[in-house]
Amino acid sequence: MQTTETAGAGTEVVLLGTAGGPRVRTDRAGIASAVVVDGALYLVDFGYGALRQLKFAGLGLAALRAGFVTHLHSDHVADLANLLLYGWYDGLEGIAEPVRLYGPGTRGRAAAVAAGMPEPGLVGPDDPVPGLAATMRHLWQAFATDANDRIRDNGRSHPDRLLAVHDIALPHGVAFDADSAPAPPMEPFVVHEDERVRVSAILVQHAPMTPAYAFRFDTAHGSVVFSGDTGVCDNMVTLATGADVLVHEAIDEQWVHRQYPDDSDPVARAMIAHHTTAHTSIPDAGRVARKAGVGTLVLNHLVPGVSERPRWHEAAEHFGGTLIVGADLDRIPVSH
Ligand SMILES: [Zn+2]
């Protein structure tokens, strides 16, 4: 018999994958996290290997209640198609009601070409910046030969029976602009609520990949915040204030400068600018955690995603709470 929930009471974060960036690593899977609340499963981001990591963690899709996508960079969504294509045969089929998936809507128009770079053209010029709902529609279209075979020959459910995809709508009055105001000052707003969790979102600074969200889970046991990808921004502190656990991205800023030593090259300049304004350095991750007054800081989305570098612990120089340098399959209890 298929179980619908994993065992155990309480709230726990399971780091499924902790590598940032679209590179295949042997020691870390792509970015993805699970929140388990009284046995019910919630997922945040779907980097490559997320579903396999879920299995290694002893968790199953039959317990999945909702999924949350922080932004549409490939290292956060590469396994989204597999949620259905493998989920059909691994727990999703038979689910009582469609799993809700929440993520960014379209940014409206493609971002400008970075300064000094030639015009490269557009991929998918008819729909160059699909939001999450359109992305999933395009995925079903891409896999339609398989999907129609599965539902017509194998008796699998239509995807709409299993997954309900929602583009996150910003509250009225938020002065968001995809290019000029990616993370205007705002209050967190609720995107999902059920009997176990209330999940709030806020815009964060990951331009030109906009909109980008951080998420906060409040449960009866405690609260946990996921930064997604962001540079330092006030909204991140607003959302994380008073949280028990903050799972925050970090980038080794010294590595960035070693990677791109020739800053006369426009591509190198663009990459340095991206890494230093759209991501958070190791010391700044500690500062954000201190400002927000969180109990535990968990570093994830580590760039570079190699495990032997000792610099991650330097975040502790700026933060007095508990510091955990995230590793794949780490389990972190969330309690007041
Ligand atoms: Zn990103």
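Reply:
**The cavity and the chain around it**

A search of the whole structure turns up 1 cavity of 30 Å³ or more (a set of points on a 1 Å grid over the protein atoms alone where a 1.4 Å probe fits but cannot get out). The model is predicted, so local features need pLDDT of at least 70 and side-chain atom pairs pLDDT 80 or more, while totals for chains, interfaces and linings use all residues. Residues are numbered from 1 along each chain as its sequence is written, and side-chain values use heavy atoms, with hydrogens and water left out.

The volume of the largest cavity is about 90 Å³ (the space filled by probe spheres set on the points, which are joined across faces, edges and corners). Its lining consists of 14 residues (those with an atom within 4 Å of a point). Nearest the centre of the cavity lie Ile31, Asp45, Phe226, Gly228 and Asn300. Two or more residues of the lining come from strand 2 (32–37) and likewise from strand 12 (296–303) (helices are DSSP runs of H or I with at least four residues, strands runs of E with at least two, numbered from the N terminus).

Asp45 and Ser180 are 135 residues apart in sequence, and their C-alpha atoms are 26 Å apart in space. Ser180 belongs to the loop between strand 6 (163–167) and strand 7 (189–193). Its relative accessibility is 62%, so Ser180 counts as exposed (buried is under 20% relative accessible area, exposed over 50% and partly exposed in between, with a 1.4 Å probe and protein chains only).

The zinc ion is the next stop. It is coordinated at 2.2 to 2.3 Å by NE2 of His71, ND1 of His73, NE2 of His206 and OD of Asp229 (donors are N, O and S atoms within 2.8 Å of the metal, or 3.2 Å for Na, K and Ca; water is not among the atoms, so sites may look incomplete). Angles among the 4 donor atoms run from 87 to 167°. Along the chain the donors are spaced as H-x1-H-x132-H-x22-D. His73 sits in the loop between strand 4 (64–68) and helix 2 (74–77), and Asp229 sits in the loop between strand 10 (223–226) and helix 7 (234–240), so this pair ties together parts that are 156 residues apart in sequence. His73 counts as partly exposed because its relative accessibility is 25%. Asp229, at 2%, counts as buried.

UniProt, in an unreviewed entry, lists residues 184–301 as "domain: Metallo-beta-lactamase"; positions there are in the numbering used here, and annotations may be inferred rather than shown by experiment. Over residues 184–301 the chain is 31% helix and 29% strand, with its end C-alpha atoms 24 Å apart.

Cis peptide bonds come next. One joins Ala207 and Pro208, with omega about 5°. Another joins Thr210 and Pro211, with omega about -10°. Pro208 is in the loop between strand 8 (198–203) and strand 9 (213–218), and Pro211 is also in the loop between strand 8 and strand 9.

Asp38 has a positive phi, near 45°, without being a glycine. Its place is the loop between strand 2 and strand 3 (40–44), and its relative accessible area of 31% makes Asp38 partly exposed. Leu329, also not a glycine, has a positive phi of about 75°. Leu329 is in the loop between strand 13 (322–325) and strand 14 (331–334), and with a relative accessible area of 32% it is partly exposed.

Strand 3 holds Leu41, a residue that is buried because its relative accessible area is 2%. From Leu41 to Thr11 the C-alpha separation is 10.0 Å, and the two are 30 residues apart in sequence.

Ile282 lies in helix 10 (residues 282–292) and is buried because its relative accessible area is 0%. Its C-alpha atom is separated by 7.8 Å from that of Arg311, which is 29 residues away along the chain.

Methods
On a 1 Å grid over the protein atoms alone, a cavity is a set of points where a 1.4 Å probe fits but cannot get out, and a pocket is an open set with protein on both sides within 12 Å along at least five of seven lines; lining residues have an atom within 4 Å of a point. Four donors count as tetrahedral if all angles lie between 85 and 135 degrees; four count as square planar and six as octahedral if opposite donors are over 155 degrees apart and all others between 65 and 115; anything else is irregular.
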